Amino acid sequence: MSLNSLQAISPIDGRYSGKTKDLSKYFSEEGLIKYRVQVEIEYFIALCEHPLPQLANFESALFSDLRNIYLNFSSEDAELIKEIEKTTNHDVKAVEYFIKQKFDTLGIADYKEFIHFGLTSQDINNTAVPLSIKEAMNQVYVPMFNKILEKLEHFVKEWKDIPMLARTHGQPASPTRLGKEIQVFVVRLKEQFNLLNDIPSAAKFGGATGNFNAHKIAYPTIDWLAFANQFVKDKLGLQHSFPTTQIEHYDHMAALFDCLKRINTILIDFNRDIWTYISMDYFKQKIKEGEIGSSAMPHKVNPIDFENSEGNLGIANALFEHLASKLPISRLQRDLTDSTVLRNVGVPFGHTLIAFASTMKGLDKLLLNKAKLEADLEDNWAVVAEAIQTILRRESYPNPYEALKELTRTNNKINQKSIANFIETLNVEDGVKQELRKITPSNYTGI
């Protein structure tokens, strides 16, 4: 199976393939096949280590040869398995036959009937998929997420003392600081990431309907539940789900997707804020030589990176939403809907990575326009009305809110002079007036 990026139906394998290629080893067809081979091999080794009586004499020195089957897994191996599948019309059975061929090559054919012993295909799929998700998260998603977080934390420090006019309902409001507003997103992202880390990577492993029927009938004295717990935890690094039906119930996986969706939603919120700040001229953008901003308007430098990110996060969230709401539902002991849906699990991760890269690109192009922030503050002296009326409340001044409302809630322009004149009309001590005179839109920024 080859793919020309210009012929790809999905942009994650076409236009944006350079940004998603690191996910291929985890979520491609070849990647899934390799994880299936890994689970089958590790399961056989675990049976030998237990050991089953028929495997007691298996040479442990051969374990490294067995592990090399998946450690050195190649595209040619994947193609061979797909060729076998043309006959079996069953993807997991094709993996089993492939491994049996390897046993023949290694001269251990006498043991090959213990490959896939007592299992159903979902024992392999429901361990291979969460294992691939876990490793993709650790190796690809988390490093990219941390890059964004580190960039935002850098801005928090760099802009911690930059006063900025806040806007609530789109209207001028009590001033804030740019660094603090970035910190809001940093904290939100960190808190959701901590929740993400608390979600276990769970896997099902228990035979045709989850009861170890075949295992129990063949070896009734073995504690197969203990065996499965140890195998899934120690060999695969996953949490063993029990009891289950034929398939994993996917509740933990759904929680993971929901949390990833919330992280994406926070970044959508962030992208829109930065986009708005750019439109307000709080930020300018670095100009790249030869780059076109608009096909018709040569002056434009559009905030396309934040728009691109927002769009891809939206697509990712739509898919995460479907995965989270669909996967935990299966008729009776199982239906096939989980299998076909899970084949798309890499797609929302792909769009998320595209979005992360776009946000990073946009952040790297930001240039703070400090003069515009200062001018906006100076142009909105009405925002200090809250400060003045609060101090007057402290001083038991009669009806301070109403007094400031009468001053500011008009169509007349409020400026430094009109505020100063108002302060002089107040019947308060000179020390209080002096305190009020020190308040400006630039220093009324709170904690």
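Is K147 buried, exposed or partly exposed? Read on to View 1 for the answer.

This is a predicted model, where local features need pLDDT of at least 70, side-chain atom pairs count only at pLDDT 80 or more, and totals for chains, interfaces and linings use all residues. Residues are numbered from 1 along each chain as its sequence is written, and side-chain values use heavy atoms, with hydrogens and water left out.

**View 1. K147 in helix α7.** K147 has a relative accessible area of 48%, so it counts as partly exposed (buried is under 20%, exposed is over 50%, and partly exposed is in between, using a 1.4 Å probe and protein chains only). Its helix, α7, covers residues 121-158; helices here are DSSP runs of H or I with at least four residues, numbered from the N terminus. From K147 to M280 you'd count 133 residues in sequence, and their C-alpha atoms sit 26 Å apart in space.

**View 2. Helices α8 and α11 side by side.** Here α8 (residues 178-197) packs with α11 (residues 251-279) at about 170°, and their axes are 9 Å apart. Axes are lines fitted to C-alpha atoms, for helices over the stretch in contact, and angles run from 0 to 180 degrees between N-to-C directions. That makes the pair roughly antiparallel (angles over 145 degrees). Among the residues making the contact are F185 and L189 of α8, plus I263 and F270 of α11; contact means heavy atoms within 4.5 Å. By class, there are 14 nonpolar, 1 polar and 4 charged residues (Ala, Val, Leu, Ile, Met, Phe, Trp, Tyr, Cys and Pro are nonpolar, Asp, Glu, Lys and Arg charged, and the others, Gly among them, polar).

**View 3. A closer look at L189 in α8.** L189 is buried, with a relative accessible area of 1%. Skipping neighbours within four places in sequence, L189 touches F145, L149, L152, I263, I266 and L267. F114 is 75 residues from L189 in sequence and 47 Å away in space, C-alpha to C-alpha.

**View 4. The buried face of helix α4.** In α4 (residues 63-71), look for F63, L66, I69 and Y70, which are buried. Seen down the axis, the buried residues fall within an arc of 110°, so they line one face of the helix (the arc is that of the directions from the helix axis to the C-beta atoms). They pack against α3 (29-49) and α6 (91-106).

**View 5. S309 in helix α12.** S309 has 0% relative accessibility, so it counts as buried. Leaving aside neighbours within four places in sequence, its contacts are N271, A355, S358 and T359.

Notes
Helix = DSSP H or I, 4+ residues; strand = E, 2+ residues; numbered from the N terminus. Parallel < 35°, antiparallel > 145°, perpendicular 65-115°, else oblique.
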